[in-house]
Amino acid sequence: MTQLTAQAVRRIAGPMDEGRILEIIKTGATEAELVEALEWLHADDAIGKQVKHQPSARVSELRDILGRHDIALDED
């Protein structure tokens, strides 16, 4: 499993500020974990029932970071 690069974060999650990208990279997450975090972020509450598990701690952390990014975009 390959850890994330800034280029991969932008490709997967879209444009965002460098600080947020660095925060995501510092989690030590993989591309797959970032994709999963985005799925959790944008899914309805039924996803937990469908996948029959909760997100890992790292995926939850990524989801929180990405969620803060979404809130910042909504406020602009």
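Me: In what order do the elements of the protein run from the N terminus on?

Reply: Helices (H or I, at least four residues) and strands (E, at least two) are DSSP runs, numbered from the N terminus. Here the order is α-α-α-α-α, and the secondary structure comes to 5 helices and 0 strands. Please note that this is a predicted model, in which local features need pLDDT of at least 70 and side-chain atom pairs count only at pLDDT 80 or more, while totals for chains, interfaces and linings use all residues. Residues are numbered from 1 along each chain as its sequence is written, and side-chain values use heavy atoms, with hydrogens and water left out.

Me: What percentage of the residues of the protein count as buried?

Reply: Buried means under 20% relative accessible area, exposed means over 50%, and partly exposed lies in between (1.4 Å probe, protein chains only). Of the 76 residues, 36% count as buried.

Me: Which residues of helix 2 are buried?

Reply: In helix 2, which spans residues 18-26, the buried residues are Arg20, Ile21 and Ile24. They lie on the same side of helix 2 because they cover an arc of only 100° around the axis; the arc is that of the directions from the helix axis to the C-beta atoms. The face turned away from this buried side carries the exposed residues Glu18 and Lys26.

Me: What is found at the N-terminal end of helix 2, and what phi does Gly28 take just after this helix?

Reply: A polar contact is a pair of N or O atoms within 3.5 Å; within protein, one must be able to donate a hydrogen and the other to accept it, and residues adjacent in sequence count only if both atoms are side-chain atoms. Asp17 caps the N-terminal end of helix 2, with a side-chain oxygen 3.0 Å from the backbone nitrogen of Gly19. Just after the helix, Gly28 takes a positive phi of about 80°.

Me: Which residues does Thr27 touch, leaving aside those up to four places away in sequence?

Reply: Contact means heavy atoms within 4.5 Å. Thr27 is placed in the loop between helix 2 and helix 3 (31-42) and is buried, with a relative accessible area of 12%. With residues up to four places away in sequence not counted, Thr27 touches Arg58, Glu61, Leu62 and Ile65. For the protein, residues 24 or more positions apart account for 56% of the contacts with a separation of 6 or more.

Me: Is Val59 buried or exposed, and which residues does it touch beyond four places in sequence?

Reply: Val59 belongs to helix 5 and counts as buried at 1% relative accessibility. Beyond four places in sequence, Val59 touches Glu33, Glu36, Ala37 and Trp40. The C-alpha atoms of Val59 and Trp40 are 8.5 Å apart, although 19 residues separate the two in sequence. Arg63 is also placed in helix 5 (residues 57-75), but Arg63 is partly exposed, with a relative accessible area of 25%. Its contacts, again not counting residues up to four places away, are Ala37, Trp40, Leu41 and Pro55.

Me: How many salt bridges does the structure hold?

Reply: A salt bridge is a side-chain nitrogen of Lys or Arg within 4 Å of a carboxyl oxygen of Asp or Glu. The structure holds 5 of them. In one of these, the side chains of Glu31 and Arg11 meet at 3.1 Å, N to O. This pair links distant parts of the chain, with Glu31 in helix 3 and Arg11 in helix 1 (residues 6-13), 20 residues apart. Glu31 is partly exposed at 29% relative accessibility, whereas Arg11 is exposed at 55%.
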